[in-house]
Amino acid sequence: MMVTRALQPFLPLCQRLLPDMRTLPGILNLSSLPNLPGLPGLPSRLAGLSLALLKATALDLAILAGHLLLYPAGIAQERRATARPALPGAATTEDPPQLPTQAPPPVVLLHGFIDNRSVFVLLRRSLAQHGRHRMESLNYSPLTCDIRTAAELLGRHIEEICERTGSSQVDVVGHSLGGLIARYYVQRLGGDGRVRILVTLGTPHSGTRVAPLANAHPIVRQMRPGSEVIEELSRPAPGCRTHFVSFWSDLDHLMDPLETACVDHPDLLAQNVRVTGIGHLALPVHPAVATGILQALDAAQTEAPAGARTGTTTGLPRVGPQTDGLTVA
């Protein structure tokens, strides 16, 4: 049946997220349906399909439809400012001398796999409404086949931004693969001197096993657990100065296992924020996540004490009302 075939891509996620419902027989009997081989306990698991998962899936599909409409507008590279802006608060001939106020670093936005800068339309608007007016997106080619090459391109892009704006550092927000590219730049190419905070949204920091058929693409193979890139990121990184904030969702169907979207490294200063109630595509779109990103970017960054490691919150407030995550639905 066509319905059962359509459900098959979502079955691994359902099996991972839903409790065993064998204690509730008779709610839904799918045992007689064809085309579902090798999935023991499937009828009882589908019977317990949670409302949260349905809502998150519906939201992701709606976001995907909207993003497809915006996608053509984001294909071209963003226009770059040609003049260095004056320092905020700089005195004019009519004004009395004043000490200049320090502007926040520019924000660099980096999209995910087979995507472009249009994914950040709503996030950019939210950041701008809260005073973050210096934002730039980098489109890397869909033909990019190496995370390391993309990281080198990101490094050149950030150097150009710093030279043009007069800022010594930037903040970076990366969605999915974009976060992995930014982390490689920070951790392996010396980018920790330029990147103050790296915020990742649904990034497979330890590699993801989802969609094995996609292994035909070399950059997907680099996102697998045990790949050369993932192995390089697991190596020691003593003295890394960048602060990491990783938002990961408990309904992210592209992260397998889900916790792969957490930064887990003994040398990195990181905060992992669990987001409850939305899926992968909603992470750069949802207003509650945007608020969390703003809190991370605006937090006063202080020197971490010796021994501070992954999971600490030095200089970074916990996001949302809960100390262990962010509930958005």
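## Salt bridges

A salt bridge is counted here where a side-chain nitrogen of Lys or Arg lies within 4 Å of a carboxyl oxygen of Asp or Glu. By that criterion Arg148 pairs with Asp146, the closest N and O atoms being 3.2 Å apart, and Arg148 is partly exposed at 23% relative accessibility, where buried means under 20% relative accessible area, exposed over 50%, and partly exposed in between (1.4 Å probe, protein chains only). Asp146 and Arg148 also belong to a network of salt bridges that includes Arg188, Glu228 and Glu232.

The structure holds 14 salt bridges. One of them joins Arg132 to Asp298, with the closest N and O atoms 3.5 Å apart; because Arg132 lies in the loop between α5 and β2 (135–138) and Asp298 in helix α10 (residues 287–298), this pair ties together parts that are 166 residues apart in sequence. Arg132 is buried at 3% relative accessibility, whereas Asp298 is partly exposed at 49%. In another salt bridge the side chains of Asp171 and Arg196 meet at 2.9 Å, N to O, and this pair links strand β3 (residues 170–175), which holds Asp171, with strand β4, which holds Arg196, 25 residues apart. Both Asp171 and Arg196 are buried.

## Basis of the model and overall make-up

The model is predicted, so local features need pLDDT of at least 70 and side-chain atom pairs count only at pLDDT 80 or more, while totals for chains, interfaces and linings use all residues. Residues are numbered from 1 along each chain as its sequence is written, and side-chain values use heavy atoms, with hydrogens and water left out.

The protein contains 10 helices and seven strands, taken as DSSP runs (helices H or I, at least four residues; strands E, at least two) and numbered from the N terminus. Buried residues make up 45% of its 329 residues. Among contacts (heavy atoms within 4.5 Å) between residues at least 6 apart in sequence, 79% join residues at least 24 apart.

## Helix α7

Helix α7 (residues 177–188) has 12 residues and reaches 16 Å from its first C-alpha to its last, close to the 16 Å expected at 1.5 Å a residue, the expected span being 1.5 Å times one less than the number of residues. Just after α7, Gly190 takes a positive phi of about 75°.

## Backbone exceptions

Most residues other than glycine have a negative phi, and most peptide bonds are trans. A cis peptide bond joins Asp256 and Pro257, with omega about 5°, and Pro257 lies in the loop between β5 (243–249) and β6 (269–276).

## Cysteines

With a disulfide taken as a pair of cysteine sulfur atoms within 2.5 Å, the count comes to zero. Cys240 is buried with a relative accessible area of 10%, and Cys262 is buried at 12%.
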